[in-house]
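Subject: Structure for you to look at

Hi,

Here is the structure I promised to pass on. Please open it alongside this note. My findings follow below.

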Amino acid sequence: MPVQLLKIIKGKSETPLPSYLQKEDLKHLQEGFDHTNKYFQGIVTLSYPLTKLGDGTDFFKVVLQDLDNSCSRINSINILIYGKMAEDCAKVIRHGDTFVVAGFKLAKSPTAREDGRHGCHLEVSEEAGSAIYIYTIPRTTAASETASVSVAPKYVYTPLNHLKDGTIVNLYGVVKFFKPPYVSKGTDYCSVVTLVDPTNVKLTCTLFNGNLDSLPKIYKVGDIVRFHRIKIREYNGQMQGITSAGFASLTFDGTVGAPVVPRTSSKVYTFMDEEQKTIEELRVWAASNLSISGPAAKLSGVQPMLFFDLTCQLVGKAKVDGSSFLLKVWDGTKCPYPTWKVPVEAKDLEGEKVLLHQLRNLTVDILVYDNHVQLAKSLKIGSFLRIYSIHTKQASADDEGVSHIEFHLHGGTCYGRGIGVLPESNPDVKELKAFLESVDLADCENMESMSSMELEGTFNNVTVLTDHQDLNNIELKTILNSMAPQQYRIRAKLRTYKPQKLYQSIKLHCSKCNSLREVPDGDDFDFILQGSGVTAPNPELHNTSWYDSVMWTTQDQKQRKIAIHFVKHDEMLQQPEDTLLMIEGGTLKEVWKLTRRFKCIIPVRSTEDDLELLDLSAPFLLQGNIKYYGCKQCSTPKPIKSLSSIAAEQRPSWEPTEIAQVLGIEPLQYVFIMKFTLVDGTGALNAYLFDYEKFFQIPASEILTNDFLQQKMQMTMNTLCPPGRKLGQLAIILKGGWEVKGSFNLYCTCKVLEFNLCMGKTQNREMQESVRRVPVNLF
């Protein structure tokens, strides 16, 4: 029988191993040696779920720890089991079992560098004549769901100031910082946690595990963790912790007076009476020595340009695009600002439709990006979440200057960004549930009606006529035979539009000289940055009264010198999200990395007397994903030291318009330039769209870097001019307002944008200042 269960009775195996087998030591498991009639024995510290390979073969992976070499740097090895043996082992194996494997094949492990285990692994299968013996020790457990073994070993816990390189230790610590688990570059989940203890030594631990539930269940700064068998390594003079074979953890609430209840997914663990005293002592110490933030923010207390943690319930979710995902959440309170409702198709939105409608005035839409998307997809509707480091962004909502707030969970894990799922036993969840149950949903439905953004998100094919009802519809042939300028109201169908590639419709416009310019691509900017990097930064310009400077040399062949200047306020550096910095010698990739963390980036170069802007072919400012350009003809650049006047303000806003003004830059604005060909049966008329953001309800400045906004713009154009449809099939329906079905009211409403209808012989040419126009207000 390839897999045998053997019982331990009075410390000895009930059935001995075959006499011809000899034990092999872990350090002797090397390629090129004869391992015939040898067996390896270890303790099961980790097992992965049973899976099937591409050819349908069952596959099971086990990690064994060699107890004879438990203090060695490498004391564990991967066992790969195939076929029927994999299925049999998966049914009976338990953590802590003694596992013996014979008749194995030794092969080089491709994951040794990542998992820190033996450089080889053992391959086992029935076809190869392998045998597995599993020693099971009878266990006595308590009646509760989480139980302790009846005879517990005595563990020694190492203070953080006594850690040594290369050792595997047990320890206690208080969480000073953490990153919720996220998917690493491989297949494992990763979590980072920084611990402190009364010795005032800090330890940063990087923890990996293929099973998300096996990582520490940390919910907030101040939680207390117990780590067993964590490996210590020294890096750059600092001790660091990493997971080793058999790593296990318990987490406890760090609040003084809270019940001492461990959080763990393990059914079997040890916890002695004296350890409760350790927890309570660490709680008291942390309360007076660690800066622990108060309760997470409520939606009713959010402000624009804020980073905060939110405890909430998930009521809806939807895929937006390949790099972003929508979460609809609520916490029972109402945001004091109008909020952005992310437009998604109703069929794509998961969640109970009736509840979503009832909570429409209390839910907020959070867009999560990049590495957070996979976890967001797996979340269950109704689960309770703590979302860390949400960013509130203020944006313009309509033509009347009314703003709305957007909620974003940006990619990456800086500042602990991430999503945690809270169990219903969590005290914060119990408090939130009680509050949510007290909310009167009937009152919520009687709140003020939806904002225009909500209406657009719900009925994004509807256009409501509100103004200029005094004007009658005029046929196009009448307009074509009229003298300009005049104002008309028409009803027409959109036959075609140009450019068909909508990203080509974005231009840069100078409102002063009325010139238009193509938006430079990234290669142009990169070329300018490379050219400016030829001149080394001038050290005499570093560390002035209003900025601090750092400079270093890259380690590549070019050995570029890079200088970054951090603008100060009141002689102090600000938080990254409030900081403007200037960079010399950076590449395009390096500049984009900085924009993800800092508020504003200005590329500069050194002269003898001052820093100066690059050529205005490059952006004078980068903020988020947006590049701000200046007009070469109308700008008169001033020295960079002019920025010191903004830095001296009580609350520097670092708004692009203010920066442009003090630097003598005439800013270029991103605009949509499109040509619509309209028909109504009496004639055809070309209408030129010139718009910053009102027609599509999309900022022209953001669309080039946002796939979601590009899709939204394409959907709008497909609604106005459906591909593959004949003009005769298009209709416009009056039903409490105009519902657009491909037909187009050139003057359907009045406020938001202005169309210029090019007249006469010039109507097929590009829009020019000399062309006579008929101004027609739109939407």
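Contact here means heavy atoms within 4.5 Å. Keep in mind that this is a predicted model.

**The nonpolar core**

Start with methionine 582. Leaving out residues up to four places away in sequence, Met582 touches Trp546, Tyr547, Ala563, Ile564, His565, Val567, Ile602, Val604, Leu611, Ile640 and Leu643. The largest nonpolar core has 97 residues. Phe227, Met582, Ile602, Leu643 and Ile659 are the members that touch the most others in that core.

Next, look at helix 10, residues 522-532. Its buried residues are Phe525, Ile528, Leu529 and Ser532. These sit on the same side of helix 10, because they cover an arc of only 100° around the axis. In general, an α-helix has 3.6 residues a turn, so residues three or four places apart point the same way. The face of helix 10 turned away from the buried side carries the exposed residues Asp523 and Phe527.

What covers the buried residues of helix 10? The cover includes helix 11 (588-595), strand 30 (600-606), strand 32 (621-623) and strand 33 (626-628).

Helix 11 has buried residues too: Leu588, Val591, Leu594 and Thr595. Their arc around the axis is only 120°, so they lie on the same side of helix 11. These buried residues pack against helix 10, strand 28 (561-567), strand 29 (580-584), strand 30 and strand 32.

Five strands form a closed barrel, in the order 12-13-14-16-15, with mixed pairing. On average, neighbouring strands of this sheet are turned by 50° against each other, direction ignored. Helix 3 (residues 273-289) packs on the sheet. Helix 3 touches strand 12 (168-183), strand 13 (189-196), strand 15 (224-235) and strand 16. The direction of helix 3 makes about 60° with that of strand 12.

Strand 14 (residues 202-209) and strand 16 run parallel, joined by 3 bridges. Threonine 206 stands opposite isoleucine 242 in strand 16.

Serine 249 is also in strand 16, which spans residues 238-252. Is Ser249 buried or exposed? Buried means under 20% relative accessible area. Serine 249 has 11% relative accessibility, so this residue counts as buried. Beyond residues up to four places away in sequence, Ser249 touches Ser214, Leu215, Pro216, Arg226, Phe227, Arg263 and Thr264. Phe227 in that list is one of the core residues named above.

**Strand 8**

Strand 8 pairs with strand 4 (residues 38-47) in the antiparallel sense, over 5 bridges. Within that pair, glutamine 41 stands opposite valine 100.

**Cysteines**

How many disulfides does the structure hold? There are 0. Two cysteines deserve a mention. Cysteine 190 is buried, because its relative accessible area is 2%. Cysteine 335 has 7% relative accessibility, so this residue counts as buried as well.

Best wishes

Terms used
Residues are numbered from 1 along each chain as its sequence is written. This is a predicted model: local features need pLDDT of at least 70, side-chain atom pairs count only at pLDDT 80 or more; totals for chains, interfaces and linings use all residues. Side-chain values use heavy atoms; hydrogens and water are left out. Helices (H or I, at least four residues) and strands (E, at least two) are DSSP runs, numbered from the N terminus. Buried means under 20% relative accessible area, exposed over 50%, partly exposed in between (1.4 Å probe, protein chains only). The arc is that of the directions from the helix axis to the C-beta atoms. A nonpolar core is a set of buried Ala, Val, Leu, Ile, Met, Phe, Trp, Tyr and Cys residues joined through side-chain atoms within 4.5 Å. Two strands pair if DSSP finds at least two bridges between them. A disulfide is a pair of cysteine sulfur atoms within 2.5 Å. Axes are lines fitted to C-alpha atoms, for helices over the stretch in contact, and angles run from 0 to 180 degrees between N-to-C directions.
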